[in-house]
Every structure is written in C-alpha cells, then in structure tokens.
Amino acid sequence: MDEAAAETTPQPGPSIFRSYSTFTKFILYETRRNFYIIGSNAADSGHHIIRINRTTQDELDIIEDVVEYTGKEMSVMLKMLDDGNRASGGLGKARGIFGLAGFIRFTAGWYMIVISKRSVVALLGGHYLYHCESTDLIPVCFNHKVDKPAEEQRLMNIFKQVDMSKNFYFSYTYDLTSTLQHYLTGSSRPNNSVWLFNDRYAWNYHLLASTFANQDRPCLSPPWLLPLVHGHVDQAKLTVLGRVVFVTLIARRSRHFAGARYLKRGVNAEGNVANEVETEQIVAEALTTPFYYPATRDQSGKHTDRRPSPNYTSYVQYRGSIPVYWAQETTSMSPKPPIEITVVDPFYSAASRHFDDLFQRYGAPITILNLIKRREPVPRESKLLDEYTQCVKYLNQFLPADKKMVYRAWDMSRAYKEKTQDVISYLEDIAEESIQMTGFFHSGPEPYSHSFQADSEDEQVDWRRNILLQNGICRTNCVDCLDRTNAAQFVFGKRALGHQLYALGIVSTPNLAFDSDAVNMLTEMYHDHGDTIALQYTGSALVNRVETYRRMPHWNSHSRDIIENIRRFYTNSLLDADKQTAINLFLGVVGERTITHPPVRGGYRKWFNEEHLKPAYNLNECDTALKDFVKCRGDFWVEYYRPLLFTSLGKHFAYSMNSTLKLPGKTAKDMNHSPFEPHGRRNRSQHQNVVQGMRQWMSSSPNAQTKDLSGDLASRSDPNNTSALELDKYSTEGMATRLLDPTVSETEVAEYKGYIDQCQELLDAPSTVGERKNIEIYSYAVRTAAGEEMPEWSWPEDPLSKYIAYVERGQKCYLDGKSGEACPVQFNYEKWLNGIPG
C-alpha cells in the first residue's frame, strides 16, 4: 500500500454513528507529509481525526473526518497510516496535547499553537474550567522556508510577549465566553454568528478565524475550535453547617480596543471602550453535579422528564472606560499625565453605539455608576465628569421614559478623604437599588420555605414559582476602571451574594454582615480579581483595596501602595509600547483606527434600535429553553465521572478547593459555626458560660465569690417560679430544658466551698508560728548527718492538737449522702509521735 492510498478517507466503516461529542483529550501524530490530531471524549468511547497538510507553505489545508470511530476502529486507522508511511519513517511518536488554540502566520508559513499543559481552576455543573499553563508554537510545513529570517524572528518574539501561560482559560464542554444565563437559556435576540461562542471574549478569535478567512464558515466542527478567555477565574467553597456552596468569579476581557493603560483610553469609532471587562458571580449549591435533577420513575415505572436544578444563580456586572474620545500623553515624566478630550462630538456618536450595544447584549435598564472626582485643584478628572454627564443627558432625552439610563455620579475619593459619608454603606444602597431593577439569574423557583416565613410574619408576598432572569446591567467606571471600580463591584457582589444565597434557601435574609467568613472569602476573591485585571491593564496590582475604603487598612498598606505606584509608572513609561504591539499582533489588529464594519446610523435622535430596548431574555422563552437544555444538551456532565480510573478523594478538585474552613486560623471545630456570623459576636452556648464562670470562680478568692454566686444561683432556682415546676423533671422536655439551661444547687455550692476551703486555715496562719522549732529540727538533722554526737532529742512540749486536727481534716466522708460525724481515727498518732508502743 502506497502513502497516498493510506492517507485517503479511512476504509473501515464505523459501527456506531452518534451525535458529535466533545473532546477532552487530544493526541498529535506527525509524518513527513501530514499532522494528524485525534480527539477523544473522556470515556474513550468516541474518537475523531483531522489531517493538516504539511507540504504547502502558503496555504493551510485542513481536512476533518466527520465520522466518529470506536477505539478498535481508530487503532485500525492508525495502523493503516503507519504502514502507509513506512518509507518516510511511519507515524511519529504520539504526543499528548490538550487542545488546538489556533494558527498564526508572520512573514512566511503557518504555525500551529497547541496547549501543552493545563490545570483545573473551577467546576460548574460537572464541567471543568481549565487554566492554560503552557503552549507550543509548531511550524506546519516540514521544509519551512523564510525569506526574511530577522523579521520573522522579530515578529515571533513580539507574539510571545503575550504570555499565554497567564490568565487564559478554556473549557471543553462549557461555553466560558457566555454567561451562565445565556448558556442555559439562550437569548431572545437573533444570533447571526457562525460561531457557537461569543467571539467578543474569545482572545484567540483571530488565530481561529484567520485560518478560514476565505470561507463562509469554519471547516472544522465546534469541538475542535477551543476559545480562550483572557481574564480571571476563581472558585471557592462555602461550608454552611454541612451544606456546600460553590462561589465562582469569572472575569472576561473583551478583545475589542484592548491594550495598555495610557495607549487605550476612552472609546473608538465602533463604540468599543478600553479595559472592558464582564464580571460574573455564580453561586450554586453542590447538591447534585449536573444542571438538572435526574429523571425519576412515575407510578407506572416510566421515566419522567428531567427537571432543571434550582441550585444555580448568577449575577453579571460590567466595567469599561468612559465612552468619549479622550487620551493622556505619556511623553512627559509625570506620574499622572493631564487628561485631554481629543474629539468633541456634540452628537456623541461613539457613545451612542456603545450604549446601543449594551442594550442589545444585556437589555434595559442600564445603571451607570460614575466614580470619578468632582472637584480638583487642577481640573483633570472633572473634565471627563462634565463631558460624560452631558453625554448621558443628551442620549437619555431620546429614550422612552421607562428605558432611560439611570446615571449616578458620585465622588468616591472625596467621600473617603473627607469622611463625610460611609463609602461602603452608600455603595450598598446603590447596589440594592440596581439589583432590584435588573434582577439576577436563578435556575428555579423560590424555596417553598419563603412562603412559610411570609405566612408566619403576616406578609402578603407572592411566592415565585418561575425562574428569575437578569435583564439589564450596572456599568461601573472610574478613570482607570481599577481601584475604585473594583471596590464598588465588590460591594455589588457582596449584596448580590446575599440575594443569591437567599434565593437558594441558605440564609433567612439577604443582608450579610461584614467580617464574617463568607464575606471575607468573597473579599479575597475580589482582591485577586482586581489584581489580575490591574496587572493586565497597567502592569501592577491594585493600589487601593476594599479595606482602604472601609477605613481598615493593613499595617503595610502605605508602603505597598507606594511600591505599586512606582511599578505602574515604570511599566506605563517604558514597557507599554511593546506590550501594545504584542497585543495588536496577537489580536490581528492591523491599524489602530481600522474599522472592520463601518457603522450605520439611522439618525441623531433615534440613535438606538427599538428591538434592543425589549427584554434580552424573555421569561417564557427562557423557561422553555432551559427545559430543552436539560433534556438534550445536559449530558456532558456524565464525563465528570471516571468509573474506570482509580483516583483518591484528595485529588478531586471539588475536595481540594479553597473554602471558608481553609481561611487563616480556621480549625475543624469551625465547621459547626455559621460562616455568616461576624467574628467576635458568636453566641457562646450556656455550657461554655457555666464552665467559664466556674473557672473564674475557682481561680479567685472563694470567700469573696461564694456569697454572690450563691445569691445568683438561689435566684435562678427560685421555688416560686411556677413555669419550672410545671414540667416533670423526668420527662424529655424537662430533661432538655435542664440541659439547655444548667444550674448549680446551693448544696453543690457548699460542697465546692468546703473542698476549696479545706486547707485555707493553714494557708492563712501566720508564717512565724513554728519557725523556731523548725530551725531546731533542721539543725539537729544536719548535725546528726555530720556524725556529731547529739543529746537525746525531745519533742517540744507544744500540744499536738494542731497535727491531730490536720490529720482529721477532710475525713468527713458521707457515704450515704447525709450529714454526720467524721470517720473516727483508728490510729493513735499521739502515742506514735511520743515513741510509746501502741
């Protein structure tokens, strides 16, 4: 068999034809003429193969075999390929990879980008979310010829400056580019894209799309196209008295108008703003693994339809630069360059496209939280405040009354410095108002316990029987959309966490207290979230954190702020230009002002699309779509279980995940404490109070404590207390009452007093008593030990009543529990001490 025949369409017919599954494992084979990549599911029950031609340098030739093969059939296929390529060495050594990130071309020839290392960072509905740890750049053509090697190497070095081993995330089975609400229910908006993912947040979109630039749609099936999200993913476990709640934080950075801090400001002509990040907070109870409840059997034994799991909630926020044309010149060495409004557009065309796009994606209402400074000695940020306020005022006048954007401008820095307002409390009020307007996503009805709670409180509240959807968004910004914005988004996330836990039936009220384990865990997650976004945009971590605005700064916060400011200044002055060049090359941006789709505007008054003002997510449509999802598209979670693979419990990500019990200073005993109680305010049990009071009583003067304690206990055991006498002390209720509120009787108090005071008389005796005779006895013993002959020792004539009393002390043994005389002393100590035989 020759090589050409072996590399045609495989001959053995597949025995099983199934719907296309997803791939979690990839194997790369190499021959002199082709690359072969085999994609397999987690259970190794289905395999697919693609061929990449290595003989052409100018064009990328990729052919996919759409047939799904079993393990035996794929082994036969590989044997045929190996036999057909014997002349050129056969199939090369198999190399395990974790995905195909795309293809790139610099001056000549194509390169294939493969993921060589990964790590698990989150788990949603049985779907693993991975962090890309390492990638490899592999030339496709085996005889790669470069006419300009210096330019090729320069472009390759620039491309590698975008470190794909940091902050790039992907998932084989979960659409990480979309929100949980959109993934489960879909959108009411029509989708004309040929991609099954949201390309706005797929940073390798250029690496995937450039391969099929001359085609109407990609020639590869969706499982081969692995979108990479640039941003931040974090997950932690909230342990609530045995119930486990997963809190997931996902930040998606837009690929449009992306770049470094001072080089990407404001908005471009297409309405895309700088530093655009979508933040999603997912709270789910880990009661079942998938997004649905398993099918049950009815009375006739037939399986019923699956039900969506009501244990998933999601809340989405948005941050982005102020959507007007403005910039900052970095030619001067000033750490804070002056702000200049470069283009004055009286009709705010770019801002209108930006807000129309927000209406299309999220629906109405839109809340705008503007946190820049209002008053400054030298106008800087206040220039943007005036321009932004006028922009929103102009655009709002053309919107319907019930669709107008809610604009809140608040000088957060001044409120913090002047101490005129409680920054966190004010932000919580705004957050509560915004959440009430937009809502949040809940995949099921309200817990039925809420209806009982409303009945007990005589409140006329309707019990929600349907899912809950989020329509609208809160858009938060400051100048850089970093420090102040992250603190505000944390407050919004903290407020949303309370509502999400309340919707899941975890807490009885959506109000969460600060300094509790749950809020402390969320604070750390938002700190990591803000630091990651700040490092991507400015090259340094956050300067002002949540503790700063709570007026609880750490002892080293001032020095850390100075270091981060210096790092920002150094990065922005010397490194941002190269960083921007690398990002442009990675994203396929040819020119800074390139407009791929010329905007079409209907008029200066009607700047919006009326269809975009309708709810982006319709309740009836989304409820139907959610039920269809769990019937048809919810089976990928099955691959979460690996019955043929032996693994220990400690290796499972869900077991080793960060949790409130792993916070500093936590022990196993904290499992019995609620993570929603603020520190230092936990109510100690009555048993602990009794033990602590007894320790204080025994460590202090007993004579001084007896009177007060006896009086207190006597008052607690008052015989006139009819409520205590009504209960039978041998009944279950009576025993439970006594155990919950233990008391100490007066008899026990007297017994403790006698036990403690039994040697008190000797301790209180003057120290001079017996001092002389003790010296004499000691002197006699020393001289006798030295060998001196001493006269016969005679005991002092003092009566031995004290010794006899000491011996008799504490001999009062009441075996029958009644009072009586002490047990008589059977041995005559007086005769023994005088040397008289007994």
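Helices (H or I, at least four residues) and strands (E, at least two) are DSSP runs, numbered from the N terminus, and the expected span of a helix is 1.5 Å times one less than its number of residues. The views below come from a predicted model, where local features need pLDDT of at least 70 and side-chain atom pairs count only at pLDDT 80 or more, while totals for chains, interfaces and linings use all residues. Residues are numbered from 1 along each chain as its sequence is written, and side-chain values use heavy atoms, leaving out hydrogens and water.

**View A. Helix H6 and its neighbours.** Here's H6, covering residues 349-362: its 14 residues reach 20 Å from first C-alpha to last, close to the 20 Å expected at 1.5 Å a residue. Of those 14 residues, 12 are buried (under 20% relative accessible area with a 1.4 Å probe and protein chains only; exposed is over 50%, partly exposed in between). Among the buried ones are His-354, Phe-355, Phe-359 and Tyr-362. The buried residues of H6 pack against strands S12 (277-285), S15 (312-319), S18 (366-370) and S21 (473-477), plus helix H7 (381-396); contact here means heavy atoms within 4.5 Å. After H6 comes Gly-363, with a positive phi near 85 degrees.

**View B. Helix H11, mostly covered.** In H11, 20 of the 21 residues are buried. Gly-505 follows H11, and its phi is positive too, near 80 degrees.

View C. A search of the whole structure turns up 30 aromatic pairs (rings of Phe, Tyr and Trp, using its six-membered ring, with centres within 6.5 Å; planes under 30 degrees apart are stacked, over 60 edge-to-face, the rest tilted). Take Phe-168 and Trp-203: their ring centres are 6.3 Å apart and their planes sit at 70 degrees, so this pair is edge-to-face. The two are 35 residues apart, with Phe-168 in strand S9 (residues 168-170) and Trp-203 in the loop between helix H4 (180-185) and helix H5 (205-209). Phe-168 is buried at 1% relative accessibility, and Trp-203 is buried at 3%. Another edge-to-face pair is Trp-607 with Phe-608, at 5.4 Å centre to centre and 85 degrees between the planes; both residues are buried. One aromatic cluster brings together Phe-23, Phe-26, Tyr-128, Tyr-130, Phe-170, Tyr-172 and Trp-224.

**View D. Charges over rings.** Arg-54 lies over the face of Phe-35, 4.4 Å from the ring centre (the rule: NZ of Lys or CZ of Arg within 6 Å of the ring centre and within 35 degrees of the ring normal). Lys-494 lies over the face of Phe-514, at 4.4 Å from the ring centre.
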